[in-house]
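Hi,

Here is the structure I said I would pass on. Have a look at it first, then read my notes below.

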Amino acid sequence: MKKRNNAVLLSTPYLLWMVAFTLIPLGVVAYYALTDPATGAFSFRNLKDLGMYLPVLWQSIVYSLASAVICLILGYPVAYCIAQCRPATQKFLYMLVMLPMCMSFLLRTLAWVGLLQDTGILNSLLARIGIGPLKMIRTPGAVILGMVYNYLPYMILPLYATIVKIDHRLIEAAEDLGCNGVQVFGRVVLPLSVPGILSGMTMVFVPSVSTFYISQKLGGTDTVLIGDVIERQFKQGNNPNLGAALSLVLMLLVFVCTGIMNRFGGDSEEGGVIV
Amino acid sequence: MSKELIRLQDLTVEFDGERILDGINLYFNDHEFLTLLGPSGCGKTTTLRIIGGFLKPTSGTVTFDGKKVNDVPPYQRQINTVFQRYALFPHLDVYDNIAFGLKVAKLPKDEIKRRVSEMLEIVSLKGYENRSVDSLSGGQQQRVAIARALVNRPKVLLLDEPLAALDLRLRKDMQNELKRIQQATGITFIYVTHDQEEALSMSDTVVVMDKGRIQQIGRPEDIYNEPKNAFVADFIGESNILDGVMLQDYKVRFFGRVFDCVDKGFAPSENVDVVIRPEDIDIVPPEQGHLVGTVTSITFKGLNYDIIVEFKGFKWLIQTTDYHGVGSVIGIRLNPEDIHIMHKSEYSGMFGDYSSYSAEYDELTEDAADEEAE
C-alpha cells in the first residue's frame with residue numbers, strides 16, 4: 001500500500017508534465033482537426049479534404065521506409081562489430097557513433113546542401129576529373145540520404161544494445177551443434193537481434209516520416225513530404241484546422257506502422273529495446 | 001575392450017601470461033564416464049573447452065580417434081556439449097531446440113521428427129514439444145540441454161557442471177538419470193564438476209585437478225582410499241592429515257608413537273603425510289586407546305555426529321554414531337589399514353587440520369625430530 005503511494009508520488013512530476021505538454025496539446029490538435037475553420041463549429045470537413053494529400057503521405061512512407069532499410073543495412077554490421085570489441089573499445093566506438101548527434105541537426109542538414117548542390121563541393125571535385133556536373137540536390141536520393149545521415153545513430157544504438165546482450169554461450173552452443181559462421185549468424189544471432197532491428201527501424205522511421213526540414217533543404221518540388229504540407233498549413237496556408245487534421249492522421253499512421261513492425265517481432269518477450 | 005578415443009599431450013594454456021593449464025597428459029577411452037574434478041579455477045573447464053574446440057591450447061596436441069584436431073573447429077567435431085546453465089536458444093521452443101543440430105545437418109524431416117520424439121521420451125519430456133524454454137523449470141531445461149546434445153548421437157558428450165544449478169533432490173535424481181543414459185547409449189561422457197560426491201558416485205574414472213595440473217587419476221575407490229597428496233585427501237572427503245616419519249616398510253611414527261600400517265616403498269626415515277579418514281577411527285575407553293583426547297565440539301549430522309577431538313593441542317575430526325559430550329575424554333584405536341601414507345608435496349601442511357597448529361603440537365614434532373637425530 002505504502003509502496004504504491006510512493007510510486008504515485010515519484011511519478012507525479014512526470015504525470016503533470018505529460019498532461020500539460022502532451023495530453024492537452026493533443027486535445028487541442030484534435031479540437032482543431034474536428035472544427036470548421038470558417039464557422040468554428042464541429043465538422044468532419046478537414047478530414048474529408050485529406051484525400052488530395054494521400055500521394056504525399058504515401059511518398060513520405062516510402063522515403064522513410066527506404067531510409068530505415070538503408071540504415072539497417074549500414075548499421076547492422078557496424079553494431080555487430082562494435083559488440084564484438086573489448087569493453088573499452090566498445091565505449092570509444094559507441095561515442096564515435098553518438099558524435100554527430102552532438103552537432104545541431106539543422107547544421108548537419110545544411111552541410112549537405114553545400115556538398116550536394118550543383119556548384120557544390122562534390123560537383124566541383126567531379127568536374128576536375130571530367131565528370132558531371134551531376135544533379136544531386138533536389139532529388140529523392142538527396143532526401144533519403146539526409147534521413148539516413150541524420151538518423152543512422154538511432155539505428156546503430158538499439159542494435160548494438162541488443163547484440164551485445166546475446167549470450168556468447170548460445171553462439172558456442174550453435175557451433176557445437178554443427179553451425180559454421182554463416183549458420184550461427186542466420187540461426188541464432190539474427191533471430192535474437194530482432195528486437196533491436198524493430199526498435200531501430202521504429203526510431204528511424206518515425207522521425208523520418210514527419211520531417212520537413214530535410215526535404216525542404218535537400219529536396220525539390222517533387223519530393224514534398226507530409227511534414228512539409230503540415231508546416232505549410234500552419235504558416236503560408238493559414239489553415240491550422242487542416243494542419244491539425246493531417247497531424248492527427250500522421251500520428252495514427254505512425255501507430256499503425258510501428259504496431260505492424262512489432263507484430264513481426266511476435267512472441268519475442270524483450271519487445272523493443274529503447275535506448 | 002575399451003579403445004582410446006581422445007588423447008591430450010603436454011597441453012598448456014596461458015592467458016595474459018597466466019598459466020591456466022600446465023602440462024596436461026590424459027587419455028579418454030571409448031564408452032567411458034570420466035570426470036574432471038577440482039575447485040574453481042583448477043583448469044577443468046578449460047580442459048573441456050579444448051576438447052570441444054572452443055579454445056586452442058598454447059602448446060601441446062589434442063588427438064581424436066588418432067588424428068590431431070587442434071585446429072578443427074567445434075562444428076566439425078563429433079562432440080556435443082551440455083553447457084553450464086544450459087545455453088538453450090530462447091527464440092526456439094523445446095522441439096526446435098532439440099532438433100537444432102539435426103536441422104543444421106539437413107536430415108530428412110521425418111527422421112528429425114522421429115529422433116526428437118525418441119529423445120523426448122528418453123528425457124521424459126513428452127508433450128513439451130511446443131513449450132517455450134523459458135517456461136520450463138531448471139530440471140526440465142537441463143533435460144532439454146541433454147536431449148539437444150544427445151540427439152546428434154555424438155561420440156563424446158561433454159558436460160560442464162550440468163547439475164550445479166539444481167537443488168539437491170533433483171541433482172540426485174539427475175545423477176542417476178545421467179548414469180543410466182550413459183550406460184544405455186554407450187557414449188563417452190566427459191563430466192566437469194567441483195562436487196566430489198557427484199564425481200565419486202557417477203564416474204568410471206576420476207581426474208582430480210588443481211592449479212592447472214592433474215593431481216591424481218584413478219577409479220573413485222582408489223582416489224578415495226589412496227589419495228596421492230594432501231590436496232586430494234582433503235578435496236575428496238574429510239581427512240585428518242598429520243606429519244609423520246616412515247621408519248621402515250609398514251612402520252610409521254606420528255604423535256610420538258609408532259603405528260603399524262600397510263604402506264611400503266618409502267625411503268628410510270622419510271618425512272610423510274599421514275591421512276586418517278574421520279569415519280575409520282574407532283573410539284574406545286581411554287585406557288585402551290592408542291591416543292587419548294578430549295572432545296571439544298560435537299555437531300549432529302543426521303547419519304552421524306562430527307566430533308572434534310583434541311589430542312595434545314592438535315584437533316582431529318572424528319565421525320561416530322555414538323554421542324560423546326563436550327569435555328568427555330575418549331581413547332582411539334587406529335588399525336593398520338586405516339592409516340594412509342603419502343609423500344610430502346607442495347600441499348603438505350595446507351590441509352587436514354581441524355584447528356590451527358598449536359604450539360604444543362610443534363613441540364611434539366620437534367621432540368620427534370630430536371629423537372630421530374639421536
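Which residue takes a positive phi in the hairpin of E9(B) and E10(B)? It's B:Lys211, with a phi near 50°, and the hairpin has 2 residues between its strands. Before you go on, note that this is a predicted model, where local features need pLDDT of at least 70, side-chain atom pairs count only at pLDDT 80 or more, and totals for chains, interfaces and linings use all residues. Residues are numbered from 1 along each chain as its sequence is written, while chains are lettered from A and ligands numbered from 1 in the order in which they are written.

(Strands, E, of at least two residues and helices, H or I, of at least four are DSSP runs numbered from the N terminus; strands pair if DSSP finds at least two bridges between them.)

Chain B also has an open antiparallel sheet of 4 strands, in the order E2-E1-E4-E5. E2 (18-29) and E5 (67-68) of chain B each have a single partner strand, so one side of each lacks a neighbour in the sheet. Further in, 5 bridges join E1 (4-15) of chain B to E4 (59-64) of chain B, with B:Leu8 partnered by B:Val62.

Finally, the chains meet: 16 residues of chain B are in contact (C-beta atoms, placed from the backbone, within 7 Å) with 16 residues of chain A. The largest share of chain B's side, 3 residues, comes from H2(B).

Cheers

Technical notes
Two residues are in contact if their C-beta atoms, placed from the backbone, lie within 7 Å.
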